[in-house]
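Open the model in your viewer and keep the selection tool at hand. We will go stop by stop, and each stop tells you what to select next.

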Protein chains: 2
Amino acid sequence: MDSLDLLIKNLSKLPGVGKKSASRIAYYLLGSQRGFNETLGLEIMEIQDRIHPCPECGNYTEDDICHICSSLSRDRSILCVVEQPQDVLTIDSTGEFHGLFHVINGVLSPLDGIGPEELQLGRLAERVKKNSIEEIIIATNPTLEGDSTALFIAQMFKESAISITRIASGIPVGGDFEYADKLSISRAFKGRREL
Amino acid sequence: MDSLDLLIKNLSKLPGVGKKSASRIAYYLLGSQRGFNETLGLEIMEIQDRIHPCPECGNYTEDDICHICSSLSRDRSILCVVEQPQDVLTIDSTGEFHGLFHVINGVLSPLDGIGPEELQLGRLAERVKKNSIEEIIIATNPTLEGDSTALFIAQMFKESAISITRIASGIPVGGDFEYADKLSISRAFKGRREL
């Protein structure tokens, strides 16, 4: 049963899908409506042809410019820098941020050979220069690499009049001290605010 | 972003894949090697063309007759009746059973309109008659429907000299072969009793 084994092997490469889930999905596909398999297979084959990064911000889009960059109701003076395209969707779905985004597609990681050129930080500087940006919110993940990248970007603009901010990190809402790590608790204390 | 939403919607129809996992998989596919998406997409589209039920036993196969039915080293006097094709793989991988299989593709469920005709139990009787079967091991899941189906099959052959057995406990009641460990399956085979 080579075809089935191959399908299971490739399905198990997907994130969050182990060997057992892959096998379950494969048998589901064997027993499913033929039309469903054809649709899903074609969608997977064509997704990269249909969707491409927005040339302005790097968010995924089917149009020339993504719906956020082309929106007339966004505040064009604030730029939120994120690591990945999916972060745009996550942040935008909160309805908390009304500015524009900039996706850098990764974080600085010298050991993996990822420097400022790989993240095209020059493009970020250029974009900031060309538009009248007043604030840059750096929303990279609060990890070691995300923090270094945030510091690097802050350095890039320290001579300018632009306000550079970093998202707060601490204990998540609904979280519990009992399960929080020391670093998050430390951050929560350092980032405390007047009530 | 309609294509992405459609892909996420269809991915989340797969068993064990929720909306969040589907979205994670979709973004993974957007960022993956083009060749991977083409391979996986094609495999999903073609799986039902490549693999079909074995005309003898109902197990999935790429060949005319499945590798178990065509094997010369199996005991052709013992038949193991299972609900689904994937149960064949699960049971066979224990190395505990050396006979042949018969997949009935479901269980009796009058409320869902699934009777003996839908499970093609006539085909089972025919197969048993044509070949010199000495024992039928009924390995339907130990659920209410699986047990009723086992009893029904036992009734079908009660006039014959064939020994009808049912797999023993070892698999928790209400459980499913798909999630059972090999030891439980092995115990179930060793502890089978006359019906």
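## Stop 1

Select strand β4 (residues 100-103) of chain A together with β3(A): they run parallel and are joined by four bridges. This is a predicted model, in which local features need pLDDT of at least 70 and side-chain atom pairs count only at pLDDT 80 or more, while totals for chains, interfaces and linings use all residues. Residues are numbered from 1 along each chain as its sequence is written, chains are lettered from A and ligands numbered from 1 in the order in which they are written, and side-chain values use heavy atoms, with hydrogens and water left out.

Some terms for the tour. Helices (H or I, at least four residues) and strands (E, at least two) are DSSP runs, numbered from the N terminus. Two strands pair if DSSP finds at least two bridges between them.

Now click A:Cys80. Opposite this residue, in β4(A), stands A:Phe101. Follow the chain from β3(A) to β4(A): it passes through helix α4 (residues 85-92) of chain A, and this β-α-β crossover is right-handed. Right-handed means that, with the strands pointing away from you, the path from the first strand over the helix to the second runs clockwise.

## Stop 1: inside β3 of chain A

Is strand β3 of chain A enclosed or open? Select residues 78-82: five of the five are buried, so the strand is largely enclosed by the rest of the structure. Buried means under 20% relative accessible area; exposed is over 50%, and partly exposed lies in between (1.4 Å probe, protein chains only).

Show the side chains. A:Ile78, A:Cys80 and A:Val82 point one way from β3(A). A:Leu79 and A:Val81 point the other way. In a regular strand the side chains alternate between the two faces of the sheet.

## Stop 2: the whole sheet of chain A

In chain A, four strands form an open sheet in the order β4-β3-β5-β6, with parallel pairing. β4 and β6 (163-166) of chain A stand at the edges with a single partner strand each, so one side of each is left without a neighbour in the sheet. Neighbouring strands of this sheet are turned by 25° against each other on average, direction ignored.

Move along the sheet. Strand β5 (residues 135-138) of chain A pairs with β3(A) in the parallel sense over four bridges. Here A:Ile137 in β5(A) is opposite A:Cys80. Four bridges also join β5(A) to β6(A), again parallel. In β6(A), A:Thr165 stands opposite A:Ile137.

Next, the helices. Select helix α5 (residues 121-130) of chain A, which lies across β3, β4 and β5 of chain A and runs at about 160° to β4(A). Then select helix α6 (residues 144-156) of chain A, lying across β3, β5 and β6 of chain A at about 175° to β6(A). Axes are lines fitted to C-alpha atoms, for helices over the stretch in contact, and angles run from 0 to 180 degrees between N-to-C directions.

## Stop 3: two annotated stretches

Now colour residues 54-69 of chain A, listed by UniProt as "zinc finger region: C4-type" (unreviewed entry). The span is 0% helix and 12% strand, with end C-alpha atoms 8 Å apart. UniProt positions use the numbering given here, feature names are shortened, and annotations may be inferred rather than shown by experiment.

## Stop 4: across to chain B

Switch to chain B. Its open sheet of five strands has the order β4-β3-β5-β6-β7, with mixed pairing. The edge strands are β4 (100-103) and β7 of chain B. Zoom in on β7 (residues 193-194) of chain B: two bridges join this strand to β6(B), and the two run antiparallel. B:Thr165 stands opposite B:Glu194 in β7(B).

## Stop 5: where the chains meet

Show both chains. How many residues of chain A are in contact with chain B? There are 45, and they touch 47 residues of chain B. Contact means heavy atoms within 4.5 Å.

The area buried between chain A and chain B is about 4700 Å², and carbon and sulfur atoms give 66% of it. Finish on A:Tyr27, A:Ile44 and A:Gln48, which supply 15% of the area that chain A buries against chain B, more than any other three residues. Buried area is the accessible area (1.4 Å probe) that two parts lose on being put together, summed over both.
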